[in-house]
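Let's take a friendly walk through this model, from a pair of helices to a sheet and on to some charged pairs. Have the sequence and the 3D view ready.

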Amino acid sequence: MATGVKAIRGMNDILPDQSYRWEYFEQTVHKWLAAYGYRNIRTPIVEQTDLFIRSIGEVTDIVEKEMYTFIDHLNNDSLTLRPEGTASCVRAVIEHNLLYAGPQRLYYAGPMFRHERPQKGRYRQFHQVGVEALGYVGPDIDAELIVMCSRLWDLLGVYGLRLEIGTLGNAESRALHRTRLIKYFEQHRDNLDEDSLRRLHTNPLRILDSKNPRMQGLIDNAPKLIDDLDEESCIHFESLQHILREQGINFEINLRLVRGLDYYNRSVFEWITDKLGAQGTVCAGGRYDGLMEQVGGKSAPACGFAMGIERLLALMQECGENITPPAPDIYIAHQGEEGADYAWKCAEFLRDEGLNIILHCGGGSFKSQMKKADAIGASYALIIGDDEVKAQEVTLKPLRESIEQASMKLSAVTELIKK
């Protein structure tokens, strides 16, 4: 026998019993973003590899270990399945000159790809909603993004999220801090693990994000970026804190907060939960004022965040959010050739009236059809037999209420159900 073909490890099917939860999440997110004036942008899932090397940074886990990169043998291009969405969004904004019309509030949603060890909350194909505000200097836009998130948690019914904020300063601040870090870690070279040694002279800031427990004491005693911050970045960070306090947003300052992507500067933030084990960050972002120029466009300020859909859906479940699948308003049961013809007409009429209808297919007795109507959770059954066809009426049977079934004209069905 032929071996069955299965999904790729870490890339999961979303089956109908779960997809309604995704639909609920997506509908909530679309309404939430519209309330803040954000517009949808859709970019390809495949980009030139160079885009991600330029934006994310060559000495990062994503570029070094996790990207799905391949050669397109038709034209010998190096292509990559997008590991994150900001770079693609910025590329599209530059290519289509969107900032010519002024600052842009944009969002996107879709699959991202990273070759990581699959575990709960971390997949090789995962899904994100990304929100980007381009052309705004801030810090008011930084604060708006954080306040937006707080509102979304309420809409989704999730709680217990902790907000951590930090600042990475400007390029000059980080260059000064980088020099101090290299000098410090050089003095403790024998205590560095393999990854940290590799990054010591290329990206020493990433050492601060090491999860190696042996190195935490060394990292805790390393020079702090706050001591090297420029005055403008300090003012920006203080202003951000002021707005968040005024809006009633609780936060913790984490001066060791280092995002995994090299393009961040100034404000960075993470929303973290303790309900999902090791995969606690459900939303993260910050400011990336240098990325437009880095990717080949004119310099422009920008800020954004991304949230993991799988993690947020898991958090909603942990928080007891009970999302029930939508059930049809009416299940139409019918028999006989004339009954089937009439049932088709009734189904289309009721759909035109805005009702959700399932028309029975496949034959069978009325008893078996009624069992199916009950099993899928329909509110009513519409019964059509020879008597109904002759009278050009239908019999409406409530399945969730203790009300007697009744014969009526089709036009009366809509009126009764909508009441």
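Contact here means heavy atoms within 4.5 Å. Keep in mind that the model you are looking at is predicted. With that cut-off, Leu-51, Phe-52 and Ser-55 in α2 meet Ala-87, Ser-88 and Arg-91 in α4. Sorted by class, this contact of α2 with α4 has three nonpolar, two polar and one charged residues. How do the two helices cross? The axes of α2 (residues 49–56) and α4 (residues 86–95) come within 10 Å, at a crossing angle of roughly 110°. Angles of 65 to 115 degrees count as roughly perpendicular, so α2 is roughly perpendicular to α4.

Now turn to the sheet. Five strands make up an open sheet with mixed pairing, in the order β13-β12-β14-β15-β16. At its edges are β13 (357–359) and β16 (406–408), each of which pairs on one side only. From one strand to the next, the twist averages 25°. Helix α12 (residues 337–352) packs on this sheet and touches β12 (330–334), β13, β14 (380–384) and β15. The direction of α12 makes about 165° with that of β13.

Charged pairs come next. Side chains of opposite charge can pair when their charged atoms come close. The count of salt bridges comes to 14. In one of them, the side chains of Glu-144 and Arg-105 meet, at 3.2 Å from N to O. Glu-144 belongs to helix α5 (residues 140–156) and Arg-105 to strand β5 (residues 104–113), so this pair ties together parts that are 39 residues apart in sequence. Arg-105 counts as partly exposed because its relative accessibility is 23%.

Which residue forms a salt bridge with Arg-180? The partner is Asp-228, and the closest N and O atoms are 3.0 Å apart. This pair links distant parts of the chain, 48 residues apart: Arg-180 is in helix α6 (residues 171–187), while Asp-228 is in the loop between α8 (216–220) and α9 (231–246).

Finally, look for Arg-162, Glu-164, Glu-252 and Asp-274, which are linked in a network of salt bridges.

How values were computed
Residues are numbered from 1 along each chain as its sequence is written. This is a predicted model: local features need pLDDT of at least 70, side-chain atom pairs count only at pLDDT 80 or more; totals for chains, interfaces and linings use all residues. Side-chain values use heavy atoms; hydrogens and water are left out. Axes are lines fitted to C-alpha atoms, for helices over the stretch in contact, and angles run from 0 to 180 degrees between N-to-C directions. Helices (H or I, at least four residues) and strands (E, at least two) are DSSP runs, numbered from the N terminus. Angles under 35 degrees count as roughly parallel, over 145 as roughly antiparallel, 65 to 115 as roughly perpendicular and the rest as oblique. Ala, Val, Leu, Ile, Met, Phe, Trp, Tyr, Cys and Pro count as nonpolar, Asp, Glu, Lys and Arg as charged, and the others, Gly among them, as polar. Two strands pair if DSSP finds at least two bridges between them. A salt bridge is a side-chain nitrogen of Lys or Arg within 4 Å of a carboxyl oxygen of Asp or Glu. Buried means under 20% relative accessible area, exposed over 50%, partly exposed in between (1.4 Å probe, protein chains only).
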